[in-house]
Amino acid sequence: MTATIERGSATARVNPPAGAAAKTTKSGRPGGLLGSSNGKKAVMAVTGAILVLFLIVHMAGNLKSFFGAESFNAYAEFLRTTGEPILPRRVVLTVLEVVLVAAVGLHMWSAVSLARRARKARPVKYAAKRKSQAGGYAVHTMRYGGVIIALFVIWHLLDMTFGAVNPAGRDSTPYERLVQGFDPSRWWVTVFYVVAVIMVGLHLRHGLWSAFQTLGLAGGRSYRPLKGIAAAISVVLVLGFLTVPVAVMVGAIK
């Protein structure tokens, strides 16, 4: 009888301290969906798709400069007058700009949050070095390349959009700012542009490949084709953006 009682008491369920259950539930889902890793990955995927779409449209618009000043200026004017006469001038463009800024901010937030969560999950470094994409060029591209891209975007807006640092001035046409902005005498601006665009390409390649992996598509026979697709899209965008400043430098666009 005694043995039975002791064995039963030894295996009896011990009630946790008051409030422990609530604390576990709360910590298991901090901040709801956006506080979870899956939520942050979803934010990164959606904002990444928005930014890729913007890059494609922006590249196509830049290439119109090869058709002359009238074509390029008409494209720039179309962006500013979209929605007229129902909406005032530049309203649609301003909304798109706000969406882009929000997408960039959320994309950076989700990337930093996921990186911090990964470091907390593995506070002690591995004794042996592991060869992985996360420990290779990708980490440096995401970190330092992101800083270069952010600085370039600020300069690019001041140069091409507002004309504050452009030799053609604020009252010039978009085509004039384009030609003056990449004039051979400002070779350093072109170099800065080339470096930033290459960083965008590396960032894009890594982002697309990570998206394929997150969706569970990069496995088996699809591994190499999808990796090639990510690289091909990045190369096309990089070359598309670089052809314009190079053309201005050599006099093909003037």
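**Note on the H3–H9 helix contact and its setting**

1. Leu55, Ile56, His58, Met59, Asn62 and Leu63 of H3 are in contact with Val236, Leu237, Gly240, Phe241, Thr243 and Val244 of H9, where contact means heavy atoms within 4.5 Å. The residues of this contact comprise eight nonpolar, four polar and no charged; Ala, Val, Leu, Ile, Met, Phe, Trp, Tyr, Cys and Pro count as nonpolar, Asp, Glu, Lys and Arg as charged, and the others, Gly among them, as polar.

2. This is a predicted model, in which local features need pLDDT of at least 70 and side-chain atom pairs count only at pLDDT 80 or more, while totals for chains, interfaces and linings use all residues. Residues are numbered from 1 along each chain as its sequence is written, and side-chain values use heavy atoms, with hydrogens and water left out.

3. Helix H3 covers residues 37-63 and helix H9 residues 223-250; their axes come within 9 Å and cross at roughly 30°. H3 and H9 are therefore roughly parallel to each other, the term for angles under 35 degrees.

4. The protein chain has nine helices and zero strands, helices being DSSP runs (H or I) of at least four residues and strands runs (E) of at least two. Of its 254 residues, 27% count as buried, that is, under 20% relative accessible area with a 1.4 Å probe.

5. An unreviewed UniProt entry lists several spans as "transmembrane region", including residues 91-115 and 229-253; such annotations may be inferred rather than shown by experiment. Residues 91-115 are 100% helix, with end C-alpha atoms 36 Å apart. Residues 229-253 are 88% helix, and their end C-alpha atoms lie 31 Å apart.

Note on methods. Axes fitted to C-alpha atoms, helices over the stretch in contact; angles between N-to-C directions. Parallel < 35°, antiparallel > 145°, perpendicular 65-115°, else oblique. Buried < 20%, exposed > 50% of the residue type's maximum accessible area, 1.4 Å probe, protein only.
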